Amino acid sequence: MKIQILTLFPDMVRQGLSAGIIGRAVTQGLLSIEAIDIRDYTKDIHRKVDDYPYGGGAGMLMQAQPVYDAWCAARERAGAAVRTVYLTPQGETFTQEHAKAFAKEDGLILLCGHYEGIDERVLDTVVTDYISIGDYVLTGGELAAMVLTDAVARMVPGVLGNERSGEAESFEGELLEYPQYSRPRVWRGMPVPDVLLSGNQRQIDAWRREQSEERTRLRRPDLYEKYCRLWDCHKRLMRQKLLHIDMTELIVRGKAHVLYDDGEEICLLDKESGIRFATAGEEDAGRRMLFSLLREDGGGLFAVHQEFLADLLEREYGYARIMTCEQAVYTRREKIPVRGRYLAADPAGGTLQTDQRPRICRLTPDWLDTVAAHYEMTGSAGADLPYLMERLEKGWMFGAFLDGQLAGFAGMHTEGSIGFLTVLPEYRRRGIGGALETYLINEMTERGFTPYGQIEEGNTGSVRLQESLGLCFSREKIFWLQR
Ligand code: ADE
């Protein structure tokens with residue numbers, strides 16, 4: 001990702017972003033950050049970039065010409081249309097959701113204002129997003145641009161290191177962090193809580209969760225209220241666990257935002273993928289839910305859990321059905337015994353294997369073309385290239401290798417289901433699919449997730465595979481629609 005910052009104080013920005021994790025990411029080439037001096041683009045012989053505002057008033061205004069020319073230079077270097085963010089106290093308040101969304105862009109231009117602001121005409125011409133970092137006024141946009149850059153950069157795959165992908169963090173964004181302690185065990189008479197020395201990970205996790213909840217309740221009652229609401233939805237959805245596993249897992253994985261909640265009628269937004277998931281107890285209440293949700297609808301993907309909701313979306317809102325699925329859930333807490341199904345190792349060795357067990361390992365983005373060539377892109381809900389790339393970058397695609405050759409692959413969709421299962425024709429009927437699925441189920445179980453998959457109607461081969469691995473099927477279907 002390439003971030004270009006248009007500023008009157010390029011040194012301040014360069015220095016501020018050259019240290020620590022962000023500095024390292026830049027050195028490693030995961031990220032490029034450039035500060036562009038707006039003053040270099042002025043046509044004024046005294047390098048002036050400001051002037052008095054028409055109509056009078058206090059202070060000076062940055063003029064349109066130097067800002068526009070600096071922006072044109074940045075736009076040209078970006079090589080494509082990029083979002084231009086103007087940092088201003090008049091913008092939308094910056095949140096983690098903005099950070100995640102911006103991190104998906106290939107490039108960003110950040111515009112820092114000074115004095116009393118910037119000539120409105122150039123803002124109207126170049127700015128796509130107006131962002132504030134809080135309800136207070138700074139002397140310029142530089143500190144805000146650095147805050148935004150830091151928060152966006154840490155969401156770029158690889159910047160935090162593979163061990164901490166944003167996606168693996170459960171409950172992220174809903175609760176404040178629990179308290180942490182390091183050596184010594186007793187400091188100024190204050191001991192570290194006993195539970196943290198117990199070695200019992202379950203007890204430690206439970207304690208941390210309690211602490212997080214209590215801290216959030218006391219310090220951020222606004223967040224705590226949202227958290228309680230979400231878990232109240234979770235409780236109701238769990239009454240039909242198999243049908244609603246996609247929705248409950250969104251909550252467990254810290255990705256859900258409640259769009260609608262009225263007893264049996266619930267609609268969640270997956271904050272990451274933007275997909276909406278809806279369920280309803282009965283048709284009239286479902287109709288009310290859709291009416292309230294879709295008054296100002298920009299379209300997108302919808303997964304609904306009753307056929308009457310699918311019908312309503314089609315008939316009354318112009319959505320089209322793209323897929324009907326059954327949901328299969330791995331309900332046990334313990335992992336599936338591997339029993340010679342696969343070896344979890346690096347395929348690079350390429351040594352001939354004497355047995356027929358595939359080696360399974362994470363696929364890197366280098367595998368994009370191969371994966372795309374073999375993955376059947378089913379309907380419009382299937383995967384396009386950017387989506388496959390995103391999954392590879394996030395580390396959620398795994399390959400099965402026999403004698404160093406790719407025999408099949410599988411992965412996790414953004415919203416959390418196991419999918420992409422593909423076995424190359426010459427490797428079929430050799431247990432590769434079962435090996436890949438077992439591997440993914442075990443990976444997810446280890447992270448405390450409930451593994452599940454959505455199987456398109458009529459895919460009997462996949463149904464048989466899920467059954468053989470002990471997954472349970474929801475009797476009701478899930479309908480995917482798009483507009
Ligand atoms: N420029 C001045 N104050 C600001 C703020 N609060 N957020 C973003 N940019 C700013």
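Which loop holds Pro184?

1. A word on the model. This model is predicted: local features need pLDDT of at least 70, side-chain atom pairs count only at pLDDT 80 or more, and totals for chains, interfaces and linings use all residues. Residues are numbered from 1 along each chain as its sequence is written, and side-chain values use heavy atoms, with hydrogens and water left out.

2. A nitrogen atom of the ligand lies 2.9 Å from a backbone N or O atom of Ile133. For Tyr136, a polar backbone atom is 2.8 Å from a nitrogen atom of the ligand, and for Leu138 the corresponding value is 3.0 Å. The protein buries 96% of the 260 Å² that the ligand exposes when taken alone; these areas come from the Shrake-Rupley method with a 1.4 Å probe.

3. The shell around the ligand. Among the residues that surround the ligand are Leu87, Thr88, Pro89, Ile131, Ser132 and Gly134; a residue is near a molecule if one of its heavy atoms lies within 4 Å of it. Strand S5 (83–93) and strand S7 (129–132) are the elements that give two or more residues to this shell, and S5 gives the most, with three residues. Helices (H or I, at least four residues) and strands (E, at least two) are DSSP runs, numbered from the N terminus. By class, the shell has eight nonpolar residues, four polar and no charged; Ala, Val, Leu, Ile, Met, Phe, Trp, Tyr, Cys and Pro count as nonpolar, Asp, Glu, Lys and Arg as charged, and the others, Gly among them, as polar.

4. Buried residues of H8 include Leu223, Tyr227, Leu230 and Trp231, where buried means under 20% relative accessible area, exposed over 50%, and partly exposed in between (1.4 Å probe, protein chains only). The buried residues of H8 pack against helix H7 (201–219), helix H9 (241–252), strand S10 (256–262), strand S11 (265–270) and strand S12 (276–279); contact means heavy atoms within 4.5 Å. In helix H14 (residues 432–446), 14 of the 15 residues are buried. After H14 comes Gly448, with a positive phi near 85 degrees.

5. The cis bond. Pro184 sits in the loop between helix H6 (142–153) and strand S8 (186–187). The peptide bond that joins Arg183 and Pro184 is cis, with omega about 5 degrees. Most residues other than glycine have a negative phi, and most peptide bonds are trans.

6. Tyr115 has a phi near 55 degrees and is found in the loop between strand S6 (107–112) and helix H5 (120–126). Tyr115 counts as partly exposed because its relative accessibility is 38%. Phe420 has a phi near 65 degrees and lies in strand S19 (residues 418–423). Phe420 is buried, as its relative accessible area is 3%.

7. Thr324 has its place in strand S14 (residues 320–329) and is buried, with a relative accessible area of 15%. Not counting residues up to four places away in sequence, Thr324 touches Ile455, Glu456, Glu457, Lys477, Ile478 and Phe479.

Notes. A polar contact is a pair of N or O atoms within 3.5 Å; within protein, one must be able to donate a hydrogen and the other to accept it, and residues adjacent in sequence count only if both atoms are side-chain atoms.
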